[in-house]
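Dear colleague,

Please find below the structure that I am handing over to you, followed by an account of what was found in it. I would be grateful if you could read the notes with the structure open beside them.

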Amino acid sequence: PWHRPLNQVFMVLDEFFHDHQGKPQILNSGELTDSLAYPQIIKEISNKFEEQHEHKLLLLTKSANINPITDKPRKQTIFSFSMNAKEVWRRWEHKTPSPDERIKAAKLATEVGDEVRVRIDPIFPIENWQAHYEDLIYSIFSGFSPERITLGTPRGLAKTLMFSKDLTWAKYFTEESERSGWGKKIPSPQRREIYLFFYDKLCALGFDKSRIAMCKETRSMWKELG
């Protein structure tokens, strides 16, 4: 296992905090790897963020091992749990905790007093996908209420398509697929249907529509959905 020495990380963070005074930012630690790949190390980085009151650390994770970071409430750290329908998890999210385990961990973080978000991404239009994802939504809200829910659909990046050992998920990219800066996307009408399905289900549960977001979507889709 390899990671940047913590003293280098802290030095860069000190510079960032100084250069961005008065301009609060959220720094995503889970874009290139799971934020909790090294729980004890990310705990030290989280502690660093807790020393100031402007900028926040976003922990994007599929892990349920949050115990090292739930030792106290953290005001400058945000948990964002990546979740998916159980059938999608069974097919493609091998060696990860189940959605139920992640929901349990998210509930624990909420009870500690941390801000907890959910990211449902990538949403696959598998057979009977509406029922699978409706089950996921109800499971989430039976455990806790997220601060924000971010939705995303499959993105076929060139490297992902090149190196993935299991490409069964790539069948969802068709001749009608859209190309973007984040790789191939499933057809626009299908994405629209998915987002509107989630929007309706979440609003029916009383979830504030202003707290629903999309991840890595095109400007045209943002504009179309308002």
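Lysine 95 counts as exposed, because its relative accessibility is 90%. Please bear in mind here and below that this is a predicted model. The residue is found in the loop between α3 (86-92) and α4 (99-112). Although lysine 95 is not a glycine, it has a positive phi of about 60°.

With a relative accessibility of 22%, lysine 216 counts as partly exposed. As background, most residues other than glycine have a negative phi, and most peptide bonds are trans.

The backbone also holds a cis peptide bond, which runs from aspartate 121 to proline 122 and has omega near 0°. Proline 122 sits in the loop between β4 (115-120) and α5 (129-143).

I turn next to helix packing. Two packed helices are described by the angle between their axes and the distance between the axes. For helix α1 (residues 6-19) and helix α2 (residues 39-49), the axes come within 11 Å and cross at roughly 25°. Angles under 35 degrees count as roughly parallel, so α1 is roughly parallel to α2. The crossing in which α1 passes α2 is right-handed. On the α1 side the contact is made by Leu6, Val9, Phe10, Leu13, Asp14 and Phe17, and on the α2 side by Ile41, Glu44, Ile45, Lys48 and Phe49. Sorted by class, this contact of α1 with α2 has 8 nonpolar residues, no polar residues and 3 charged residues.

The other helix pair to report is α5 with helix α7 (residues 188-204), whose axes come within 11 Å and cross at roughly 35°. Here, too, the crossing is right-handed, with α5 passing α7. From α5, the contact involves Trp129, Gln130, Tyr133, Glu134, Ile137 and Phe141; from α7, it involves Glu193, Ile194, Phe197, Phe198, Lys201 and Leu202. These residues divide into 8 nonpolar, 1 polar and 3 charged. Trp129, Tyr133, Phe197 and Phe198 form one aromatic cluster.

How many aromatic pairs are there in the model? The count comes to 11. One of them joins phenylalanine 16 and phenylalanine 17 in an edge-to-face arrangement, at 6.4 Å centre to centre and with 70° between the planes. Phenylalanine 17 has a relative accessible area of 11% and is therefore buried. Another pair consists of tryptophan 169 and phenylalanine 173: the ring centres are 5.9 Å apart and the planes stand at 80°, so this pair is edge-to-face. Tryptophan 169 and phenylalanine 173 are both buried.

Leaving aside neighbours within four places in sequence, leucine 161 is in contact with Gly156, Leu167, Trp169 and Ala170. Leucine 161 belongs to helix α6 (residues 158-163), and its relative accessible area of 23% makes it partly exposed. The C-alpha atoms of leucine 161 and lysine 184 are separated by 9.9 Å, the two residues being 23 residues apart along the chain.

With kind regards

Conventions:
Residues are numbered from 1 along each chain as its sequence is written. This is a predicted model: local features need pLDDT of at least 70, side-chain atom pairs count only at pLDDT 80 or more; totals for chains, interfaces and linings use all residues. Side-chain values use heavy atoms; hydrogens and water are left out. Axes are lines fitted to C-alpha atoms, for helices over the stretch in contact, and angles run from 0 to 180 degrees between N-to-C directions. Helices (H or I, at least four residues) and strands (E, at least two) are DSSP runs, numbered from the N terminus. Angles under 35 degrees count as roughly parallel, over 145 as roughly antiparallel, 65 to 115 as roughly perpendicular and the rest as oblique. A crossing is left-handed if the near helix is turned anticlockwise from the far one by less than a right angle, and right-handed if clockwise. Contact means heavy atoms within 4.5 Å. Ala, Val, Leu, Ile, Met, Phe, Trp, Tyr, Cys and Pro count as nonpolar, Asp, Glu, Lys and Arg as charged, and the others, Gly among them, as polar. Rings of Phe, Tyr and Trp (its six-membered ring) pair if their centres lie within 6.5 Å; planes under 30 degrees apart count as stacked, over 60 as edge-to-face and the rest as tilted. Buried means under 20% relative accessible area, exposed over 50%, partly exposed in between (1.4 Å probe, protein chains only).
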